[in-house]
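Okay, thanks for coming, everyone. Let me put the model up and walk you through a sheet and a chain contact.

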Amino acid sequence: MAVDTDTTAVDARGRLRQVPVQELVLPIVIIALIIVGVIIRPGVFLTSDNLLNVLTQASITGIIAIGMTFVIATGGIDLSVGSALAAASIAGGLLMPYGSWMFMIGALAMALLIGAINGAAIVWGKVVPFIATLAMLTIARGLALWMAERTPISLIELDILQWFGSGRVLGIPVPALIFVIVAVVGWVVLNRTTFGRRAVAVGGNRSAARIAGIRPGRVIFAVYVLTGLCVGISAILLSGRLASASPVVGNLVELDAIAAVVIGGTALTGGKATVTGTFFGVITFGLIFNLLNLLNMPTEIQGVVKGLLILVAVALQRRD
Amino acid sequence: MSDASGPLLEVRGLVKDYPGVRALGGVDLTVTSGQVHCLIGQNGAGKSTLIKCVSGLVEPTAGEVRFEGDLLPVGDPNASIARGIATIYQELDLVPHLSVANNVFLGHEHKRGPLLNRAAMHRETKALFARLGDEGISPTAEVSTLRPAQQQVVSMARALSHSAKLLILDEPSAVLDDVEVEALFGVVRRLTAEGVGVIWISHRLGEVGQLGDVVTVLKEGRTVATELPPDTPVDTLIRHMVGGRMEALFPDRGPSRDTTVLEVRGLTRTPDVVDASFTLREGEILGLAGLVGSGRTELLRLIYGLDPVQSGEVEVGGRRLPPGRPDLAIRAGLGLAPEERKSEGLWLDWSMVRNTSIADLSRFRRGPFTDLASERRDAARHLRSLNTQPDAPERAARLFSGGNQQKAVLARWLLRSCRVLLLDEPTRGVDVGARSEIYRVIADLAANGIGIVMVSSELAELLGFCHRVLVMREGHIVDELDGATSTEEDVLQSAVPVHHTTKAG
């Protein structure tokens, strides 16, 4: 992934001043984490197996975070992605008897439907995104538990699905590969298509966008559907890895995804977005998780470290 | 006139350096009590920096500011306020959802024990309005419900509540129409009669002669002329501001063609616009005059499809526009440069290129992708054709002056080869030097056959180069005047509601 023309901001000269603090924070943090890893676990941390493991672990949240980047670019937010992940898994699970491909169709359809309902509620129902997707958070979770009758559905017989979750291509785990592909496609869509430009335009200045002939409602609807698509892909990878569809997966995934987007440098107010930053944000959290695991740190510590990192990274980026 | 021995404010050799830029390079200014001191200069001449140094918001690099003979501590806004220097900035700093009285006493509320003394604040607010000669404002009204002119009066009341001896007004007339400006003049004259000194900053040079006692001109951070008498001819003032010979402010009117390009029939959205009808020919510049609130902006928004229409229709080139669809209006050949350029026209953090290309992105689509190279090339070409300065199309729009930002909006519609341009106060916040350039750009567009509808609160510019001027009053188009032969009195006579007793002109 190239270092980018990614953010909406500023010119060549203006950038030069901003690059040091704003866009180099995460790469520096990532390099620092790798150095720490090499020092404390030499021979274990810096192996291709371990690094691919980091990427694989991060892929489920990572794919969703790419979609979330577009939602936040328009000035919105999607709190329902974690619950939607569970609902999509269960919807696929109910089609399990018809095979792997039907599972995938079911999961994608449910995730897209949830995204479309979010978008419709926000655009035509005029409900603010925070509330609309908060409502969807509880609806989708309830739906998942109800459809599954509170028990996970075994997917042990679906070989193709399991290949998506834990297979390898040329030694690279499939989820890691798909995450990278989604990130690259996301970067292209944001920076090299009219849709990406319009999403940032709507987030940056909605009335100016309207006067320039953009129909903000369509763009906003589309970014929630796009996030639904990302959730559907994640649901397929997650269910394949677990070899089961569970109604309780995806808890707090929305917060991890939003955190990755925000430490990546995308503005919560909309109008400035970077897929590269989101990718680095996801990797940063993945590395921390990995390091603390290698050190056998309790999971409680991980939450504290993650939270502190969010505060520090965002505070550094917001310095003018 | 005050009989105090020395001047009220004395600025000597003021210098302010920012990294890489000298904003002020030695400014002198003397203001006496009871005097209206007009401060003029192009954007970037240093007017704002100067008043920020005086009001303590900015610490000067060198030089001194004396107030009533004493050296003023630098960089201490509270010290400036305490001594009686009140500044009313262009963007009014009122809290919209608080009452008038609460705004007036914001930060120095009257208290009875730990509680606010509302009665006392209301009483004193009333007294302040009486002093300002504007008793129509209720102390309990929410500020957001007031008209801009009234909000200005609230700001002035707040300044008086600090017992201001020097009042600095930064472009107070920018958001007011001519009648309201006249009322503001009255308020200022009352204050100077009480001995308050006033620094009046404005782009409207006509005001200098009407209101000012003396004039100081800044150019590139220096005082180039000071203590000029108020009857200095406008041409002379402009020559000081631009530092050289000034070309004619308004370009010649080109011929308009016979083909009708825009037809508006019975457009209505009560109460803002009622039964508005007119036609516009190719190459014609049509002015829309009227007081603020007479429905001019609303009429443009209706034509463009931004607001829902109750009845009436709009035709561009003989084809009817579906209502409420700006995207289709644009496709039919309309373009709009909105009044609130920063909040509705531009993405300030975006490059000028992106601001220019945004309305015509599909043109740069190659397969599924945007061709950034041709986007940059085409946008830069149009920006250059409008002489946008500096010639740095990748630089963020916020770093450009108002006039050059306006050019980005115009370049956007040139890129789309639009047929009709709707311009809402195109020279608002644009300094004198850049204004004549904007006028020339508009005239060139018209000469190329584009029809122009231009809303302006400045009658001089409407009569200066529009072919025809329509006058709006309370939502109705009430008069049509010939631009070349009509006078400002003609326009005001139609624009001012009959029940007003305000003196027109």
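So, how many bridges join strand S3 of chain B to strand S10 of chain B? Four, and the two strands, residues 36–40 and 197–201, run parallel. One partner pair there is B:Leu39 with B:Ile201 in S10(B). Strands here are DSSP E runs of at least two residues, helices are H or I runs of at least four, and both are numbered from the N terminus.

Quick housekeeping: this is a predicted model, where local features need pLDDT of at least 70, side-chain atom pairs count only at pLDDT 80 or more, and totals for chains, interfaces and linings use all residues. Residues are numbered from 1 along each chain as its sequence is written, and chains are lettered from A and ligands numbered from 1 in the order in which they are written.

Back to chain B. Six strands make an open, mixed sheet, ordered S6-S9-S10-S3-S11-S12; strands pair if DSSP finds at least two bridges between them. S6 (85–88) and S12 (222–228) of chain B are the edges, each pairing on one side only.

Now the helices. Helix H6 of chain B, residues 178–193, packs on the sheet, touching S3, S9 and S10, at about 150 degrees to S10(B). Angles run from 0 to 180 degrees between N-to-C directions, with axes fitted to C-alpha atoms, for helices over the stretch in contact. Contact means C-beta atoms, placed from the backbone, within 7 Å. Helix H8 of chain B, residues 234–242, lies across S3, S11 and S12, at about 30 degrees to S11(B).

Last, the chain contact: 22 residues from chain A and 26 residues from chain B. On chain A's side, helices H1, H9 and H10 each supply at least two residues.

Conventions
Contact = placed C-beta atoms within 7 Å.
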